[in-house]
Amino acid sequence: QVVHAHKPHFMALHCQEFGGKNYEASMSHVDKFVKELLSSDAMKDYNRARVYLDENYKSQEHFTALGSFYFLHESLKNIYQFDFKAKKYKKVTGKEIYSDTLESTPMLEKEKFPQDYFPECKWSRKGFIRTRWCITDCAFDLVNIHLFHDASNLIAWETSPSVYSGIRHKALGYVLDRIIDQRFEKVSYFVFGDFNFRLDAKAVVETLCAKATMQTIRAADTNEVVKLIFRESDNDRKVMLQLEKKLFDYFNQDVFRDNNGTALLEFDRELSVFKDKLYELDISFPPSYPYSEDSSQGKQYMNTRCPAWCDRILMSHSAKELILKSENDEKIVIYDHIGPNVCMGDHKPVFLSFRIAAGAGKPIANVHKCCVVQ
């Protein structure tokens, strides 16, 4: 429906956790999904496609469970993709699907983060895939990213910013350093996927429970904190919030949905560290995670984590300049979420729709030599 409404000429779709948490059992569904997508009525006018699926879960040191799809409309002429090995652009024709071992594909760069970034998760699948494209003399990188999650609400609550925020900061810095290093020419870039950015848990709890009293429950054997209960000081000491490792049970979910949760955006602070490198359009949709996986509860959040804007589309400041500025009141740039009332798993996808002016990259066209290709 979203494709039909916006009719994009070039479409990039980035997926994370392909095959789901039980990928050994579920990976077989992925191929069926891909075939249905490629042959669907909505996609019939896209005569070229590139699909990159990291399905090789037996190779734990490389497996990222990332999937990157790129669709080109038949009306688009002269689209080129960069070969990282040959260091030249190649014209995109036909439909091609790459899966299993992406390591041998020169049309992308794929990396899994070092194990020591997130030692408590033995088989983390977090990492990134990068591709480079050239349209109308305009070259840009598209980076599919999956950063580390919060392993415990209680640990996230202890410090501000949390220890997990620091791990994500380190990993995102690693990605940005890789895509602007000296191996290839610098181009504009878009980084989008599951950043797992969370609200500042300590600040959120202090705000939501400003007038509450806190009760701490410890394990009898280890004396470790296992639960925090926040009760209203009066009103029969009604429970406002219960916090456990994987429980964030706040009594009023409307605070995360009213006015798209914008009152909580002040606690969304993880991107501020990168403001000199990354730009994001204003968010006007509710937190994208964690939605109920009950198919009848499309709008409901699960009470496992504090809702947050995990799924984002970020760009370099040069990419921001590429996006066509609207010359009238017509809304050409749209940053929104998909399926607000439909169950789409625990994350709601987000999308960015924009136009690139023909020849937007002309001042630097000679640098990229998009026209000199084989």
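Author: Two strands count as paired if DSSP finds at least two bridges between them. The model is a predicted one, and the part taken here is strand β9, residues 138-146.

Strand β8 (residues 127-135) is joined to β9 by 9 bridges, and the two run antiparallel. In this pairing Trp 133 stands opposite Phe 140 of β9. The hairpin of β8 and β9 has 2 residues between the strands, and in it Thr 136 takes a positive phi near 45°. β9 is also paired with strand β10 (residues 188-194), here through 7 bridges and in parallel. Leu 142 stands opposite Phe 190 in β10.

Because 9 of its 9 residues are buried, β9 is largely enclosed by the rest of the structure. Side chains in a regular strand alternate between the two faces of the sheet. In β9 both faces are covered. One side carries Cys 138, Phe 140, Leu 142, Asn 144 and His 146, and the other carries Ala 139, Asp 141, Val 143 and Ile 145; all are buried. The list includes Asn 144, His 146 and Asp 141 as well as residues such as Val 143 and Ile 145.

Phe 140 and Leu 142 are both touched by Phe 10, as are Trp 133, Ile 135, Tyr 70, Phe 71, Leu 72 and Leu 76, leaving out residues up to four places away in sequence. Phe 10 and Trp 133, together with Phe 248, touch the most other members of the largest nonpolar core, which has 55 residues. Helix α5 gives the most to this core, with 4 residues. A second core of 25 residues is separate, and Phe 128, Ala 171, Ile 179 and Leu 314 are among its members.

Strands β12 (residues 225-232) and β13 (residues 239-244) run antiparallel and are joined by 4 bridges, with Phe 230 opposite Leu 241 in β13. The buried residues in α5 are Ala 203, Val 204, Val 205 and Leu 208. Their cover includes α3 (153-158) and α6 (254-257) as well as β12, β13 and β14.

For comparison, consider a buried residue in another strand. Asp 83 is found in β4 (residues 79-83) and counts as buried because its relative accessible area is 4%, where the cut-off is under 20%. Its side chain reaches the backbone nitrogen of Lys 85 at 2.8 Å. The side chains of Asp 83 and Lys 90 are joined by a polar contact of 2.7 Å. Beyond its neighbours within four places in sequence, Asp 83 is in contact with Lys 88, Lys 90, Pro 106 and Met 107.

Note on methods: Residues numbered from 1 in each chain as written. Predicted model: local features only at pLDDT ≥ 70, side-chain atom pairs only at ≥ 80, totals over all residues. Heavy atoms only, no water. Buried < 20%, exposed > 50% of the residue type's maximum accessible area, 1.4 Å probe, protein only. Contact = heavy atoms within 4.5 Å. Core = buried A, V, L, I, M, F, W, Y, C linked by side-chain atoms within 4.5 Å. Polar contact = N/O pair within 3.5 Å; in protein donor to acceptor, adjacent residues only side chain to side chain.
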